[in-house]
Amino acid sequence: MKIICIGRNYAEHAKELGNEIPESPVIFMKPDTAVLKGSDFYIPEFSDDVHYELEVVLKISKGGKYILEKNADKHYEEIGLGIDFTARDLQSKLKEKGLPWELAKGFDGSAVLSDFFSKEDFNLENLNFSLLKNKEKVQDGNTSMMIFSAEKIIAFVSQYFTLKVGDLIFTGTPKGVGKIEENDILEAFLVDQKVLELRIQ
Ligand code: ZN
């Protein structure tokens, strides 16, 4: 299983980090060992500035390569929410030097996942999702604000990487990313259903 992530897929988030709006999707990956087990996230020792990024996640149900955009919706049946934890201090250093981001993005526990749900139960073109930190809403997203749709992402990515059953795609985060501290409680909502609760250690 591989975890493919899209960067800068919401214009307002690209702006808040001082990035340009991309012309094609920005892609990076996390190893399968990044998936968090359980409901506690431990801030890694190498970072003083770990950020949450709440994202809609697609689970690939049918593999393929060179998938056409018009067929892409046949390649995933379930969606969920995920948090793409990012060591922002380390990422900034790597970006400055023009180096890959993997250390800042792919560490153990950096891919938090909710349960997955049938996409038929949701309108993926207009899907609300939000993150509460200590009961205060910090991210409020809607997939209608995505620069690249799920179908466009699948078509783009599968030109480079063969998609396999069980692969996950993090589709990018809306604005409002921020730092976590010990004892924070994060709660993620898909529409109005709480699908994730995480304690920061
Ligand atoms: Zn992200």
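**Zinc site, salt bridges and a charged patch**

Trainee: Which residues coordinate the zinc ion?

Mentor: The zinc ion is held by Glu 53 (OE), Glu 55 (OE) and Asp 84 (OD), at 2.0 to 2.1 Å. Donors are N, O and S atoms within 2.8 Å of the metal (3.2 Å for Na, K and Ca); water is not among the atoms, so sites may look incomplete. The model is predicted: local features need pLDDT of at least 70 and side-chain atom pairs 80 or more, while totals for chains, interfaces and linings use all residues. Residues are numbered from 1 along each chain as its sequence is written, and side-chain values use heavy atoms, without hydrogens and water.

Trainee: What spacing do the donors follow along the chain?

Mentor: The donors of the zinc ion follow E-x1-E-x28-D. Glu 53 and Glu 55 are both buried (under 20% relative accessible area; exposed is over 50%, partly exposed in between; 1.4 Å probe, protein chains only).

Trainee: How many salt bridges does a search of the whole structure find?

Mentor: Side chains of opposite charge can pair when their charged atoms come close. The search finds twelve salt bridges (a side-chain nitrogen of Lys or Arg within 4 Å of a carboxyl oxygen of Asp or Glu). In one of them, Asp 167 pairs with Lys 2, with the closest N and O atoms 2.6 Å apart. Asp 167 sits in the loop between α4 (150–157) and β12 (168–170), and Lys 2 in the segment before β1 (3–7), 165 residues apart. Helices (H or I, at least four residues) and strands (E, at least two) are DSSP runs, numbered from the N terminus. Asp 167 and Lys 2 are both buried.

Trainee: Which side chain meets Asp 84 in a salt bridge?

Mentor: That of Lys 30, at 2.7 Å from N to O. Asp 84 belongs to strand β6 (residues 76–84) and Lys 30 to strand β2 (residues 26–30), 54 residues apart. Both Asp 84 and Lys 30 are buried.

Trainee: Which residues form the negative surface patch?

Mentor: Asp 73, Glu 77, Glu 78, Glu 120 and Asp 121 form this patch. Patches take residues with over 30% relative accessible area and no salt bridge, like charges being joined within 9 Å and nonpolar side chains (Val, Leu, Ile, Met, Phe, Trp, Tyr) within 5 Å. Asp 121 lies in the loop between β9 (117–118) and β10 (128–133), and counts as exposed because its relative accessibility is 61%.

Note on methods:
Areas by Shrake-Rupley, 256 points an atom, 1.4 Å probe, with all protein chains shown as cover. Lys, Arg positive; Asp, Glu negative; His and termini not counted. Charge placed at Lys NZ, Arg CZ, Asp CG, Glu CD.
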